[in-house]
Amino acid sequence: ENHDTILNLFQKHNDDVKQLVGISKTIATYRKYEVTRRHLAEFIQSKYNLSDISIKEITPMFITDFELYLRTTCKCGFNTTAKFMQFFKRIILIARNNGILIGDPFANYKIRLEKVDRGYLTEDEIKIILKKKMVSERLENVRDLFIFSCFTGLAFSDIHGLRKEHIVEDSNGVRWIRKGRQKTKIMCNIPLMEVPLKILEKYSTNEYCRKHGVLFPVLCNQKMNACLKELADICGIKKTLTTHVARHTFATFALANGVSIESVAKMLGHTNVQMTRHYARVLDRTVIREMSQIKMDFHFSM
């Protein structure tokens, strides 16, 4: 009965998630649930002038009003709002499964996500970033990690936890990253090319890395993305740089250079190729290369 109010149940859930951080949950997931709960608490206070509300009073109208609050008062984007609603729906499901709530207020509410083109960098843009002299050690570190992700496809959270035991050498002398993704636990198998190998060598003697047993000195994701905006300005790149842009860049160029979508999926740590198609783009040069292979025995005369 202590959990018959929505915010109490939400807090119980978040406390449980916090205990699972590092086991089956990530700190990022925990923080997202915490932010969702805070928005919900502020909505209840604003709409009903209450500090909490009975779960039995959660109706379809409550849900649509909460969505409106997120879009207007909180100025959340379409997909951000959808994510918050997904987290809220999880709490409602727990209430239903435990017999606290009869019926489903989400029954006729559809959560949809808009497709987002995060973009990717061209070869010329990558070269500009590589050659640019950085004004501080902090920006140089961020540049190196971003480029490393462009050449390996590793997500930020996976670079953060990269250790020596994740780098292995096969019988042909090729070095690989073999590491389970933090998000899905699916194994990534990524051959290391010249650029990422040089970046690894650069940080092999870094004092912070040696002290903490990691391969890179990594900032938190929020600071990393803030520094990437600064990096874009310094390099004169108009695109919004994020850690996800690097991952998309890797997938785009791998597919454009003839790597099969199955192999790209394996390197990205995806469970199936449908997830990889989200990253896939057909570059102009790929179209030209494939069209040039068409042999047609036609002749045109004026």
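How many bridges pair strand E2 with E3, and in which sense do the two strands pair? I started my notebook with that one. Strand E2 (residues 175–180) pairs with E3 over five bridges, in the antiparallel sense. I noted that two strands count as paired if DSSP finds at least two bridges between them.

**Ground rules.** This is a predicted model, where local features need pLDDT of at least 70, side-chain atom pairs count only at pLDDT 80 or more, and totals for chains, interfaces and linings use all residues. Residues are numbered from 1 along each chain as its sequence is written, and side-chain values use heavy atoms, with hydrogens and water left out.

**Whole chain.** I looked up the elements and found 14 helices and three strands. These are DSSP runs numbered from the N terminus (helices are H or I with at least four residues, strands are E with at least two). Of the 302 residues, 40% are buried. Buried means under 20% relative accessible area, exposed means over 50%, and partly exposed is in between, using a 1.4 Å probe and protein chains only.

**The sheet.** I went back to the strands. The three of them form an open antiparallel sheet in the order E1-E2-E3. E1 (167–169) and E3 (187–191) are the edge strands, each pairing on one side only. On average, neighbouring strands here are turned by 30 degrees against each other, direction ignored. I also checked one residue pair: Arg178 stands opposite Asn189 in E3.

**From Asn189 to Val264.** Asn189 and Val264 are 75 residues apart along the chain, yet I found their C-alpha atoms separated by 9.6 Å. Val264 lies in helix H12 (residues 261–268). Is Val264 buried or exposed? Val264 is buried, because its relative accessible area is 0%. Leaving out residues up to four places away in sequence, Val264 touches Ala251, Ala254, Leu255, Val259 and Thr276. A contact here means heavy atoms within 4.5 Å.

**Two loop residues.** I then looked at phi angles. Which phi value does Asn49 have? Phi of Asn49 is near 55 degrees, a positive value in a residue other than glycine. Asn49 sits in the loop between helix H2 (27–48) and helix H3 (60–72). Asn49 counts as exposed because its relative accessibility is 61%.

Lys75 went on the next page. Phi of Lys75 is also positive, near 55 degrees, and this residue is not glycine either. Lys75 is in the loop between H3 and helix H4 (78–97). With 68% relative accessibility, Lys75 counts as exposed.

Notes: Axes fitted to C-alpha atoms, helices over the stretch in contact; angles between N-to-C directions.
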